[in-house]
Amino acid sequence: MGVEPIDIGSRLDPEHRAVFDALPREPRDWSDIPALRRKFAVGREAMLRPPLPATVEISDRLVPGPEGGPDPRLRLYVPGSDRQPAALYWIHGGGTVIDDLEMNDHYCANFAERLGILVTSIDYRLAPENPYPAGLEDCYAGLEWVFENAAELGVDPARIAVGGGSAGGLLAAALALLARDRGRPRPCFQLLVYPMLDDRNATASAHAITDPRVWDRASSLAAWDAYLEGKAGSDDVPAYAAPARATDLAGLPPAYINVGDLDLFLDEDIAYAGALNAAGVPVELHVYPGAYHGSPGAVPDAELSRRWIADEMGALGRALRVFGGD
């Protein structure tokens, strides 16, 4: 496809400029994914972040894993007051190959505090050591546990949403498909944050984002290759592995999808929102001009980021019928 690379800097939200200019410019080395994981972890530890909300209790527990697999760790974020009988089952990103629970501690704790809901986050197995469907089955097992223990957790099973960012959005969308087809459990909502949905990487935006300071085309190709054991883009990739390939989206829970206009997933996210709408699934789509992949986390104090999170929180609050979502 003859698509010219986008100069992200020329269209960037001004408040993102300093952070964007300071990001590493060298291409990521995908030949050694464990080393790349360690590099990402070091970079995250160096970031200055505000303290976690003191009113949110955070704990981990092991939950029964899928048949033949280990028991995954599930992190619970429990608000201290004004508790609502609703929950968000969150899945972290990282291309299915990097990152862990800690990357979204602030996100999950803030949602728990501000919406008064239980938030849980699953520590699924990563590729390439554990390619598809290992991570998805871990996510499914964790979601089943949340539903089966809803009474103990103080949650109404009819008010449990699934969500995730980037590769977490991939797994959340796939989880909604898998739960529908297996008949249980039935989440009430999908919160898909700049989701990674299409292994074919054939859209214009998938070709246009090549700047290594963000999640770029080279990173996407490498991550999909690891997740699908080199089969990305082939004819035998199932919809549970790449939800953009799904031909039947009827009966899925309502969805909220957001993405920046400088994100390589822009076109596939817009297309998925359109496909959900065509299938009769209520969907709300937000595209933010001047935002790249991960913008709200990179520059959380920017006006664009605050608006992004407020929109997200409002949508989830309305879907779960809780106060404080707007």
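Analyst: Welcome! One term before we start: a helix here is a DSSP run of H or I that holds at least four residues, and helices are numbered from the N terminus. Keep in mind that the model is predicted.

User: Thanks! In which helix is Ser205 found?

Analyst: Ser205 is found in helix α8, residues 204-208.

User: Is Ser205 buried or exposed?

Analyst: The general idea is to compare the relative accessible area with a cut-off, and buried means under 20%. Ser205 has a relative accessible area of 7%, so it is buried. Its side chain makes a polar contact with the side chain of Thr203, at 3.4 Å. Leaving aside residues up to four places away in sequence, Ser205 touches Asp263, Leu264, Phe265, Leu266 and Asp267.

User: Now the sheet, please. What is the order of its strands?

Analyst: For an open sheet, read the strands from one side to the other. Here there are eight, in the order β1-β2-β4-β3-β5-β6-β7-β8, and the pairing is mixed. The edge strands are β1 (57-62) and β8 (283-292), each of which pairs on one side only. On average, neighbouring strands are turned by 20° against each other, direction ignored.

User: How many bridges join β6 to β7, and how many join β7 to β8?

Analyst: Four bridges join β6 to β7, and these strands run parallel. Seven bridges join β7 to β8, again running parallel.

User: How many residues of β7 are buried?

Analyst: Eight of the eight residues of β7 are buried, so this strand is largely enclosed by the rest of the structure.

User: How should I read aromatic pairs?

Analyst: A pair of aromatic rings is described by two values: the distance of the centres and the angle of the planes. The count in this model comes to eight aromatic pairs. In one of them, the rings of Phe20 and Tyr292 have centres 5.6 Å apart and planes at 45°, so the pair is tilted. Phe20 lies in helix α2 (residues 17-22) and Tyr292 in strand β8, so the pair ties together parts that are 272 residues apart in sequence. Phe20 is buried with a relative accessible area of 1%, and Tyr292 is buried at 2%.

User: Is the pair of Tyr107 and Phe111 stacked or tilted?

Analyst: Stacked: the ring centres of Tyr107 and Phe111 are 4.5 Å apart and the planes are at 20°. Both residues belong to helix α4 (residues 105-115), and being four residues apart, they are separated by about one helical turn. Tyr107 counts as buried at 16% relative accessibility, and Phe111 is buried at 1%. Ring pairs link Trp90, Tyr107 and Phe111 into a cluster.

User: Where does the charged end of Arg182 sit?

Analyst: The charged end of Arg182 sits over the ring of Tyr140, 4.5 Å from the ring centre.

User: Which backbone oxygens do the side chains of Arg180 and Arg159 reach?

Analyst: For a buried arginine, check where its polar side-chain atoms go. Arg180, in helix α7 (residues 167-182), counts as buried at 17% relative accessibility. A polar atom of its side chain lies 2.8 Å from the backbone oxygen of Asp248. Arg159 sits in the loop between α6 (150-153) and β5 and is buried, with a relative accessible area of 10%. The side chain of Arg159 reaches the backbone oxygen of Leu320 at 2.9 Å. Arg159 and Pro187 are 28 residues apart in sequence, and their C-alpha atoms are 7.4 Å apart in space.

Terms used. Residues are numbered from 1 along each chain as its sequence is written. This is a predicted model: local features need pLDDT of at least 70, side-chain atom pairs count only at pLDDT 80 or more; totals for chains, interfaces and linings use all residues. Side-chain values use heavy atoms; hydrogens and water are left out. Helices (H or I, at least four residues) and strands (E, at least two) are DSSP runs, numbered from the N terminus. Buried means under 20% relative accessible area, exposed over 50%, partly exposed in between (1.4 Å probe, protein chains only). A polar contact is a pair of N or O atoms within 3.5 Å; within protein, one must be able to donate a hydrogen and the other to accept it, and residues adjacent in sequence count only if both atoms are side-chain atoms. Two strands pair if DSSP finds at least two bridges between them. Axes are lines fitted to C-alpha atoms, for helices over the stretch in contact, and angles run from 0 to 180 degrees between N-to-C directions. Rings of Phe, Tyr and Trp (its six-membered ring) pair if their centres lie within 6.5 Å; planes under 30 degrees apart count as stacked, over 60 as edge-to-face and the rest as tilted. A charge sits over a ring if NZ of Lys or CZ of Arg is within 6 Å of the ring centre and within 35 degrees of the ring normal. Contact means heavy atoms within 4.5 Å.
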